[in-house]
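Visitor: I would like to learn how to read a model like this one, feature by feature. Could you take me through it, giving the general idea before each case?

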Amino acid sequence: MPIIPAQPYAFEFPAGKLALIVIDMQRDFVEPGGFGAALGNDVSLLTAIIPTVAELIAGFRKAGLPVIHTREGHRADLSDCPPSKRARGKGSLTIGDSGPMGRILVDGEPGNDIIPELAPIAGEAVILKPGKGAFYATPLGDILRRAGVNHLVFAGVTTEVCVQTTMREANDRGYECLLAEDATESYFPEFKAATLAMIRAQGGIVGWTTPVKTILPHLA
Ligand code: C5J
């Protein structure tokens, strides 16, 4: 079994049976003019991790391991967006409103695209998710079952919202989860630090964390 040094202890996975899940590296969260910025956040913190996420994706591709991308987005008629989610935040723009990159958090709009630097390639699954967790109302579980994968590496944004929610969903479904510490980010550095700490607390109650440079040598 390959072993990746991590906290709170080494992360082991069956050779060849590891997938990367890249959460919501989309223009709406990472670029100015999207949903994240409309809520008053400084998106430059998130932009900074793009090269590290790209390095991690390249490592998985080179090793022939699955890379799965997610996008948070809703149908054009917003029938999959609970009114409570739309009302939340009281930002300058809300879900479904027209912004500089099209309608905010709506599937098919330019702002909903994954950023070009991390664009999926042919054969990589892209999961459109209406919620924070990537398992809720999506085919992610089926895709992982078909791939025979039970060990997951996570990257993406934001650490304490969609990344953490998905890791917790994965836990309840029996997956072993490793979070790439420097390939995830929050608009709030203290929330990122707290999330990393709570994931690996109590002997890894949610999973493991480690930097990208520690993961890469163990993928081949
Ligand atoms: C949020 C996400 N923050 N991708 N979504 O609403 O974390």
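Guide: Let us begin with a term: a residue is called buried when its relative accessible area is under 20%, and exposed when that area is over 50%. Please keep in mind throughout that this is a predicted model.

Visitor: Which residues of α8 are buried?

Guide: In α8 the buried residues are K192, T195, L196, I199 and G204. As a general idea, an α-helix has 3.6 residues a turn, so residues three or four places apart point the same way. The cover over the buried residues of α8 includes α7, β9 and β10 (208–210).

Visitor: How many residues does α8 have, and what distance does α8 reach from its first C-alpha to its last?

Guide: Helix α8 is built of 16 residues and reaches 21 Å from its first C-alpha to its last, which is close to the 22 Å expected at 1.5 Å a residue. The same reasoning can be applied to helix α7 (residues 159–172), where 14 residues should span 20 Å at 1.5 Å a residue, and the end C-alpha atoms, 18 Å apart, agree with this.

Visitor: Which residues of α7 are buried, then?

Guide: For α7 the buried residues are T159, E160, C162, V163, Q164, T166, M167, E169 and A170. Their cover includes the strands β3 (19–23), β4 (67–72), β7 (125–129), β8 (151–157) and β9 (176–185), together with helix α8 (189–204).

Visitor: Let us turn to the strands; how many residues of β8 are buried?

Guide: Strand β8 is mostly covered, with 7 of its 7 residues buried. H151, V153, A155 and V157 point one way from β8, while L152, F154 and G156 point the other way, and all are buried.

Visitor: Which strands pair with β8, and in which sense, parallel or antiparallel?

Guide: β8 and β9 run parallel and are joined by 6 bridges, with H151 opposite E176 and V153 opposite L178. As for β9, 8 of its 10 residues are buried, so β9 is largely enclosed by the rest of the structure.

Visitor: What should I look for in the backbone angles?

Guide: The general idea is that most residues other than glycine have a negative phi, and most peptide bonds are trans. Against that background, L78 has a positive phi of about 60° although it is not a glycine, and Q202 likewise is a non-glycine residue with a positive phi, of about 55°.

Visitor: Where do L78 and Q202 lie, and is each of them buried or exposed?

Guide: L78 is in the loop between β4 and α5 (83–87) and is buried, with a relative accessible area of 15%. Q202 lies in helix α8 and is exposed, with a relative accessible area of 69%.

Visitor: And which residues does the cis peptide bond with omega near 5° join?

Guide: That bond runs from Q7 to P8, and P8 is found in the loop between β1 (3–4) and β2 (11–12). A cis peptide bond also joins V157 and T158, with omega about -15°. T158 is in the loop between β8 and α7 and counts as buried at 7% relative accessibility.

Visitor: Which residues are around the ligand?

Guide: Around the ligand are D24, F29, E72, V157, T158, V161 and C162, so listed when one of their heavy atoms lies within 4 Å of it. An N or O atom in the side chain of E72 is 3.0 Å from a nitrogen atom of the ligand. Backbone N or O atoms lie 3.0 Å from a ligand oxygen atom in the case of T158, and 3.2 Å from a ligand oxygen atom in the case of C162. Taken alone the ligand exposes 230 Å², and the protein buries 89% of that.

Notes
Residues are numbered from 1 along each chain as its sequence is written. This is a predicted model: local features need pLDDT of at least 70, side-chain atom pairs count only at pLDDT 80 or more; totals for chains, interfaces and linings use all residues. Side-chain values use heavy atoms; hydrogens and water are left out. Helices (H or I, at least four residues) and strands (E, at least two) are DSSP runs, numbered from the N terminus. The expected span of a helix is 1.5 Å times one less than its number of residues. Buried means under 20% relative accessible area, exposed over 50%, partly exposed in between (1.4 Å probe, protein chains only). Contact means heavy atoms within 4.5 Å. A polar contact is a pair of N or O atoms within 3.5 Å; within protein, one must be able to donate a hydrogen and the other to accept it, and residues adjacent in sequence count only if both atoms are side-chain atoms. Accessible areas come from the Shrake-Rupley method with a 1.4 Å probe; for residues, only the protein chains shown count as cover. Two strands pair if DSSP finds at least two bridges between them.
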